[in-house]
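Please keep the sequence and the model in view while reading.

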Amino acid sequence: GDESEPGTFKDRYILEFDPHQLIEGVIISSYAIDCHHAFIYLRGEFIVGYERLLGALNEAKAKGYVGQNIFGKGYELKITIVRGAGAYICGEETGMLSSIEGGRGYPKVKPPFPAVSGVFGCPTIVNNVETICSVVHIMKNGPTWFRQWGTEKSPGFKLFCLSGDVNKPGLMEVPLATPLSKVIDHYGGGVKGKSVKAVIPGGSSSPLIKGDKVGDITMDYECLAANKTMLGSGAITVLNETRDVVSAIYNLMRFYHHESCGQCTPCREGTGWLEKLMHRFHHGHGHKSDIPLIWEITRNMQGKTICVLADAAVMPMQSYLGMFPEEFEAKCQD
């Protein structure tokens with residue numbers, strides 16, 4: 001529940017409006033793997049979500065769903081709610097485990113993977129709030145029911161967060177493989193402006209889809225992977241023809257530099273370099289020699305760190321620069 005990806009707000013709605021769904025999913029999943037202590041890790045800014053989840057957990061305890069010898073089955077389960085302190089890096093599974101253990105939110109080297117040695121050295125599975133909530137409905141209705149939506153490799157439905165230049169931004173639950181054009185035009189009320197310039201399909205770290213490709217995209221894992229981007233957190237941000245791509249990526253590079261934990265040199269230094277270079281371009285002081293430098297920096301960051309925060313910064317940087325080079329060149333002094 002440490003939902004910190006820009007443009008993403010699906011888990012927040014679950015926590016605030018249906019916290020019992022999450023608790024039920026945690027109970028089922030814990031019972032299935034014979035786990036006796038579950039942690040729900042929340043983003044620190046989720047005040048209302050925390051209060052409602054805590055209230056729901058206390059109700060579940062009072063009814064005997066959580067605690068000792070649940071319904072006489074000889075099974076016990078403790079659920080602990082942990083509140084983060086607003087660090088994006090704690091959305092990475094091992095960074096979150098470090099935080100739960102009381103340390104700084106530093107990601108850990110893998111292997112060992114959490115399933116072998118996780119929180120406090122115990123075998124641990126880590127799943128997103130939305131995933132755990134899906135368990136409830138699959139157990140209730142069966143896997144065949146769940147698979148009637150989506151595709152063979154992307155079955156079921158998904159929560160999508162729609163924002164940006166659309167007439168009706170908000171949260172929707174639709175089957176996987178729903179056309180992106182339908183998400184924008186039908187559920188989002190159409191683009192606000194004359195045309196779609198680009199779409200961020202899965203949160204800020206996912207590469208762009210250009211506006212002329214929107215009609216070819218379905219919102220499922222395999223289609224987006226085939227188009228060299230990803231479904232990610234399901235956060236769809238629409239950019240219309242008026243948006244400045246350089247300003248948009250400058251905003252993102254500021255975010256990733258600020259959120260880097262600083263443990264790995266390529267990420268700590270690379271995100272700083274990218275922010276400084278994008279600051280220069282944003283204010284119209286770029287140099288043509290900076291463009292190959294940006295490519296070199298991103299190559300030196302990608303795949304060379306403990307976690308994927310560096311990659312999360314590199315993917316949009318390469319995407320924006322590769323798809324709209326003319327906008328960067330227009331902001332060069334020379």
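## Terms and basis

A salt bridge here is a side-chain nitrogen of Lys or Arg within 4 Å of a carboxyl oxygen of Asp or Glu. The model is predicted: local features need pLDDT of at least 70, side-chain atom pairs count only at pLDDT 80 or more, and totals for chains, interfaces and linings use all residues. Residues are numbered from 1 along each chain as its sequence is written, and side-chain values use heavy atoms, with hydrogens and water left out.

## Salt bridges around Lys 10

The whole structure holds 13 salt bridges. In one of them, Lys 10 is joined to Glu 130, with 3.1 Å between the closest N and O atoms. This pair links distant parts of the chain, 120 residues apart: Lys 10 lies in helix 1 (residues 10-17) and Glu 130 in helix 5 (residues 129-141). Helices (H or I, at least four residues) and strands (E, at least two) are DSSP runs, numbered from the N terminus. Lys 10 and Glu 130 are both buried, where buried means under 20% relative accessible area, exposed over 50%, and partly exposed in between (1.4 Å probe, protein chains only).

Lys 10 also forms a salt bridge with Asp 11, the closest N and O atoms being 3.0 Å apart. Asp 11 is buried, as is Lys 10.

## The Lys 110 and Glu 92 pair

A salt bridge also connects Lys 110 and Glu 92, at 3.7 Å from N to O. The two residues are 18 apart in the chain: Lys 110 is in the loop between helix 4 (93-100) and helix 5, and Glu 92 is in the loop between strand 2 (78-83) and helix 4. Lys 110 counts as partly exposed because its relative accessibility is 30%. Glu 92, at 16%, counts as buried.

## Strand pairing

Two strands pair if DSSP finds at least two bridges between them. Strand 1 (residues 37-42) and strand 2 are parallel and share six bridges. Within this pairing, Ile 40 stands opposite Ile 81 of strand 2.

Five strands form an open sheet of mixed pairing, in the order 4-3-9-6-7. Strand 4 (170-175) and strand 7 (209-210) are at the edges with a single partner strand each, so one side of each has no neighbour in the sheet. Strand 3 (residues 157-164) pairs with strand 4 in the antiparallel sense over six bridges. Cys 161 has Leu 171 in strand 4 as its bridge partner.
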